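Please read it beside the coordinates.

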Amino acid sequence: MRAAPIPEALLDPNRDPGGSREAVGLGSSAGKGLDVRHGTILTLEDINVSFDGFKALTNLTLYIGVGELRCIIGPNGAGKTTMMDVITGKTRPTSGSAFFGETLDLTRLSEVEIAQAGIGRKFQKPTVFEALSVFENLELALKTDKSVWASLRARLSGAQKDRIDEVLHTIRLDGSRHRPAGLLSHGQKQFLEIGMLLVQEPQLLLLDEPVAGMTDAETEFTAELFKSLARKHSLMVVEHDMGFVGTIADHVTVLHQGSVLAEGSLEQVQSNERVIEVYLGR
Amino acid sequence: MPASLPRILMALALLWPLASQAGDANDFVAANPAKQAKLLESWAAQPDPARQPLLDALQQGRVAADSSKTAFIEEAGNFSAAEGEAEPASPPKKLRLNNRLRGLLQTAQASHQLLASEASVRLAAAQQLQKSAKPAQLELLNARVASEQDAAVRDALALALANLQLVDPDPAVRLQAVRLLGETGEPLARTRLEALLDGDSETDAGVRTAAETSLAQVKRRLLVGELLGQAFSGLSLGSILLLAALGLAITFGLLGVINMAHGEMLMLGAYTTYMVQLGFQRLAPEYLALYPLAALPVAFFVTAAIGMALERTVIRHLYGRPLETLLATWGISLILIQLVRVIFGAQNVEVANPEWLSGGLQVLPNLVLPYSRIIIIGFALFVVALTWLLLNKTRLGLNVRAVTQNRNMAACCGVPTGRVDMLAFGLGSGIAGLGGVALSQIGNVGPDLGQSYIIDSFLVVVLGGVGQLAGSVLAAFGLGIANKLLEPQIGAVLGKILILALIILFIQKRPQGLFALKGRVID
Amino acid sequence: MNQPMTITLAQKAGPRLSLAVGGLVLAILLALPLLHLLPADSALHVSAYTLTLVGKILCYAIVALALDLVWGYAGLLSLGHGLFFALGGYAMGMYLMRQSAGDGLPAFMSFLAWNELPWYWYGTSSFLWAMCLVVLVPGLLALVFGYFAFRSRIKGVYFSIITQALTFAGMLLFFRNETGFGGNNGFTNFRTILGFDITAQGTRAVLFLCTVALLTGSLYLGFRLARSKFGRVLTALRDAENRLMFCGYDPRGYKLFIWVLSAVLCGLAGALYVPQVGIINPSEMSPTNSIEAAVWVALGGRGTLIGPLLGAGLVNGMKSWFTVAFPEYWLFALGALFIVVTLYLPKGVIGLLRKEKEQ
């Protein structure tokens, strides 16, 4: 049913236009092997998740287009992190479907398979490999064969080294390349994690509060970085910082009590009465 | 010739009851063991109420004899002549009965008790006779079956009679007896019936077939008893596991660390019981029976204090490093074990059950439930109930639950986490100490007592889920029963290995539900 | 003025100094068996007792190294490595028992009135097959156990306690006479190995040299692994398993590989231990032994490879001295060692030395 050439969502006149599959930016940059014929890289339909009776997600439906930069906002407990858990295979939905591209069923893949398929994730709390150096952190994240046998014999090629150097430069950590990652500042760790995502070359990046704990300058820099990443990659950013969201987002989804409350540009969303009610009227 | 003496005595007894009774004690004292056996058998066949005091005295070991072989009965340290007036010619020496005589004495007692006025005494006597009636008692039993008013007693007597009738020359009587035996659950009935299956001992084919049917019935009943017995020992093991695991579950839930010295808290609890017993023996021997009760609070506070001291001095400094805690607490357990070895010696010390904890409840002919174990099961449940109250109805419990769920948040809300940790550790160790008191009543008390419990109690925690009281209770009893049911089938060792394998497989099925509450990923 | 100078000197001298010390130790170890071959009245003669003791400690050192690979790098504290060690030992013991029994049954089987060998004894008279068993039995057990354990993501204290339960179960199993491994008494009274008298000086020397070779080989392998990308993945796994999974690595394969490798190393160490010490019994599987191995690693310094060797040497040296001088106090000392090391020496002796050097 899903393979129908014209998605039902488009035919439904009552549907919020923002929720349609004709998402912003039908970019051409899907990776090899991933079927994105319909310009949608991520499809979540009617996802339900409950923890011991508590419903964390209720009939959540969301589409992300190829090359899109989507921001997800919503009050605490709206289900933002749980949604990311579902996408990355950490949590299994009780019902609903989740597809990466057109064919990869995320509810059947393991976390590792999902990561290898091309979904990268940055955690809310920066997690890097503290005992390893910055360079080694990037080396491990680098897109390459990640089996046991390969890593037993792995040697970095010149091109790979260049790529790491390039990313080190991008995230402004060239000076700390041999420092143990555990010694980095909070903001630097955030950047290192973003850098690790970059070398991983995922097609879809999930970023959970990427600018938390960053200085203004760093936030600004991150915004630039993300904008430059869009088109080449698809990004899904969960953020509370509205200023930041305003700078980067062309498209915003508001989550509330586990389902989509509104979608559209930031202005559209901010003038939506239900959104105002949720944010202010409680 | 050997049979003539009892006959004469019997005749005498019938003729001059009083006089003959007056002679019983002296006769018995003067006789050699073989004659004594004859006497007891004749008494069993011809009960006489007047002989009761003598039998009681014999059973309690109060009968003595002086050098002239006159019988005396001891009463609170004083010896008085058993018959007539006599002064001991020399200090009387108490009679010692060998095992065979003691058995005969019991049978004779039972015969006499058949005359008792209380039905319950008669019933017990009839049940005793089912095991030990002698052919000489055939006549007596026949007479009693005919005259007995109480139905239960009559049935029991009929059964005792049936045992004797198995060798009756009349096949019809034997057949009747065999059928009757089929309705019991006596282990002895099985051996008796099995003997009949043999063509040499039983010539009548009809009786043999009946014996087979009866045997099958008996075996079925015995199986029920056996299974119930295994289930009961499973419950008993479960209650011990529960006492051992409860404290571990609390501290593991709270701090995420395993205290490898937890088993040693059991051991220390048991040794405290031993010390309390010694104290009672020295200072208040008249209250000795109460020492296990007194040991409970003492053991609780001793182990709780040691637990708190450990938390303060070692475990506190290792928070966030659970593997190191494992090693450090193992070191503590080594030291504690060696310390006990140095102080008390490497051998087991003797902790004796008081009167009220020994003996047991006869439920089925082949199922006796020892009082000590019944009481410990009840005690374990009582401790669980107390712990539940403590955790759910007190300020400390609230704090413990808060810290278990979210340490940082609790600290922010002003919960003194350090104090809570220490008190909870004390509580956990104290419960283990109580477990040690219980353990001392049913097992050996030695320095290695606690060693094997850490793995089992950890498995209980794994199965039951962290911080789940109900889960711990279920897991402890489940593991205990599974262990005991598997044991006779495949042996204790293979049973343990099988259970370990099952637990590992179980974790495959329910990895998350067991280890953590469901929720979104924090990291 | 002088300070920076000495630091650079020490830093420069560091690797060279370590190499020199290592070389010296290796030279001594190689010389020991040769000195043992000297006539007994020679001043330099090394007694059989000393050689056996050092050989035994070297076997333990291999266990420590194997444990360091899983604990120090992958963060999996095994409290059941004694099981793998003993299994390797038993496999070797089976061969040695068959050697001393000749065509008949091993003595303990005749004692049990058994008429034929159990099936798993089949082929154990062949040295080659016995060597296969030494590798296969611990390896397969580790593979099966590890597969299930890592599949359900058992780690931390859960993993530790379950490995302890595993070795405990193994000990109970081997204590039974019916299991077919000599019950309580295990295997002893070995006579020959490959036809050579097992107590002969030459045999002892060769066995010792084999142990030194295995130890050096394992150490080399350990260093190669630790410095490879594989080693870095293990470290990453220890510190942030989730992050690693989202990078696209499957932790199970990595854990399983190092876990099985470690078990096999232990098995080999056990196989060399048995002919040198002359006995193997189920007490080698007791949880106490395995957890003691953890303190060797902790004392020496986790994740350093050299440290655990040092730790094994120190603790066992101490043990040999204590059990002769103050047998009653050994357990106190060992217990205190557990506490002191975890509380005050989180990085072990090696960490202490490094800190010295930095100052």
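**Notes on the model**

1. B:Ala64 has B:Phe72 of E2(B) as its bridge partner. Strand E1 (residues 63–65) and strand E2 (residues 71–75) of chain B run antiparallel and are joined by three bridges. Strands are DSSP runs of E, at least two residues, and helices runs of H or I, at least four, numbered from the N terminus.

2. This is a predicted model, in which local features need pLDDT of at least 70 and side-chain atom pairs count only at pLDDT 80 or more, while totals for chains, interfaces and linings use all residues. Residues are numbered from 1 along each chain as its sequence is written, and chains are lettered from A and ligands numbered from 1 in the order in which they are written.

3. The open sheet of chain B has four strands in the order E3-E2-E1-E4, with antiparallel pairing (two strands pair if DSSP finds at least two bridges between them). Its edge strands, E3 (78–81) and E4 (93–94) of chain B, each pair on one side only.

4. In chain C, helices H8 (residues 229–239) and H10 (residues 251–277) pack at about 110 degrees, their axes 10 Å apart (axes are lines fitted to C-alpha atoms over the stretch in contact; angles run from 0 to 180 degrees between N-to-C directions). H8(C) and H10(C) are therefore roughly perpendicular (65 to 115 degrees; under 35 is roughly parallel, over 145 roughly antiparallel, the rest oblique).

5. C:Val233, C:Leu234 and C:Leu237 of H8(C) make the contact with C:Pro251, C:Tyr254 and C:Ile258 of H10(C) (C-beta atoms, placed from the backbone, within 7 Å).

Notes. Two residues are in contact if their C-beta atoms, placed from the backbone, lie within 7 Å.
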